[in-house]
Amino acid sequence: MTPFSTQALELAPWSVTKAKLVRSCPLAWKYKYRDHLPEDMPGLVTRVGRGAHSILERTTRGEALDAAIDAAKAEHGFSAEEMAGIARFLEGIRAFGATLARFRATTPIRRELCEEKVGLTAALEPAPFFGNNVFFRGAWDLGFLLEDLSAAVIDHKTGRKGDIKWHSAQLRAYALMALCHYPELKKVWLGIHFIGDAELVWAKPSSADVIRGQVRSWFVGWINDAAERASFPDPQPVVSRFCDFCSYRPICPAHNSIEAATERLVQLSAKRRRGAG
Ligand code: SF4
């Protein structure tokens, strides 16, 4: 039995990004999830963010920082400009390594989860991330199952530090996923690690009862509402600060002449067809 609407089921699989994007810009959502247009080359900010994440993942798994930097550079082929951008995060990565070492030394941990990919079915049962029955999916940057039957899930961010409330949808969705996958949990801690600021900010922990009640009910409404917005005909661009990070800006009518946007759209559509062929 599923609590989700027919629209939500038709548009699955969902993710935090997918449910948030339709709220920030329905047109960008259409380009990405309905038209499946390939994204233009990721910009400097995106590439730098990927680099910082990659190095952090490697050091979390135990690689020395210098080795992690070399490996990430070899894997992604970062330019000198990108490496200069990544260098701004190294202090934060070092500091997180020290915090992590202290945490591991002082906290009874049952299991550590690094880059854990998890999914849920439409009945909110556990599902493989790539499973045919997956309705919602997400990847935890870092998680811990603790001996006291609580869990801690941490998400790394390379963006500017802001109020943790900005990330509340992601944190609540992760709390629900954690409890669906590990029903023995009594409490879930959720943290955002702002790498550039070398700061790990924790939200108030959620009890299993709160997650099963309030969070579950919020989640169902959140996804059903996103599906309804995504089903509106004729989605319009919504200009905001997110445009600076939008891969579809070159084809967006809000930022280009109709001629330029149309020409680039034709190119991207052809690229998609070639990719599909
Ligand atoms: S550039 Fe801005 S307005 Fe245009 S599609 Fe992207 S997010 Fe929407």
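Which domains does the shell around the ligand draw at least three residues from? The shell draws on both domain 1 (6–230) and domain 2 (241–276), with at least three residues from each. This is a predicted model.

**Ligand shell**
- There are 14 residues around the ligand.
- C25, P237, C243, C246 and C252 come nearest to the ligand.
- By type, the shell has twelve nonpolar residues, one polar and one charged.

**Nonpolar cores**
- In soluble globular proteins, nonpolar side chains tend to be buried together.
- Here, the largest nonpolar core has 52 residues.
- V153, Y174, A175, L176, A178, L179 and V188 have the most contacts inside this core.
- Several elements each supply at least two of its residues, including helix 2 (16–24), helix 3 (26–34), strand 1 (109–120) and helix 9 (208–230).
- Helix 8 gives the most to this core, with nine residues.
- Domain 1 (6–230) and domain 2 (241–276) both contribute residues, so this core lies between them.
- Beyond its neighbours within four places in sequence, L176 is in contact with I211, V215, R216 and F219.
- Another core, of 13 residues, lies apart from the largest one, and V48, A52, F89 and F96 are among its members.

**K161 and its loop**
- K161 sits in the loop between strand 4 (150–157) and helix 8 (168–181).
- K161 counts as partly exposed because it has 14 C-beta neighbours inside 10 Å.
- Setting aside neighbours within four places in sequence, K161 is in contact with F194, D197 and E199.
- K161 and E199 are 38 residues apart in sequence, yet 8.6 Å apart in space, C-alpha to C-alpha.

Methods: Residues are numbered from 1 along each chain as its sequence is written. This is a predicted model: local features need pLDDT of at least 70, side-chain atom pairs count only at pLDDT 80 or more; totals for chains, interfaces and linings use all residues. A residue is near a molecule or strand if its C-beta atom, placed from the backbone, lies within 6 Å of it. Ala, Val, Leu, Ile, Met, Phe, Trp, Tyr, Cys and Pro count as nonpolar, Asp, Glu, Lys and Arg as charged, and the others, Gly among them, as polar. Domain bounds come from an automatic or database domain assignment. Helices (H or I, at least four residues) and strands (E, at least two) are DSSP runs, numbered from the N terminus. A residue is buried if 20 or more other C-beta atoms lie within 10 Å of its own, exposed if 12 or fewer, and partly exposed in between; C-beta atoms are placed from the backbone. Two residues are in contact if their C-beta atoms, placed from the backbone, lie within 7 Å. A nonpolar core is a set of buried Ala, Val, Leu, Ile, Met, Phe, Trp, Tyr and Cys residues joined through C-beta atoms within 7 Å.
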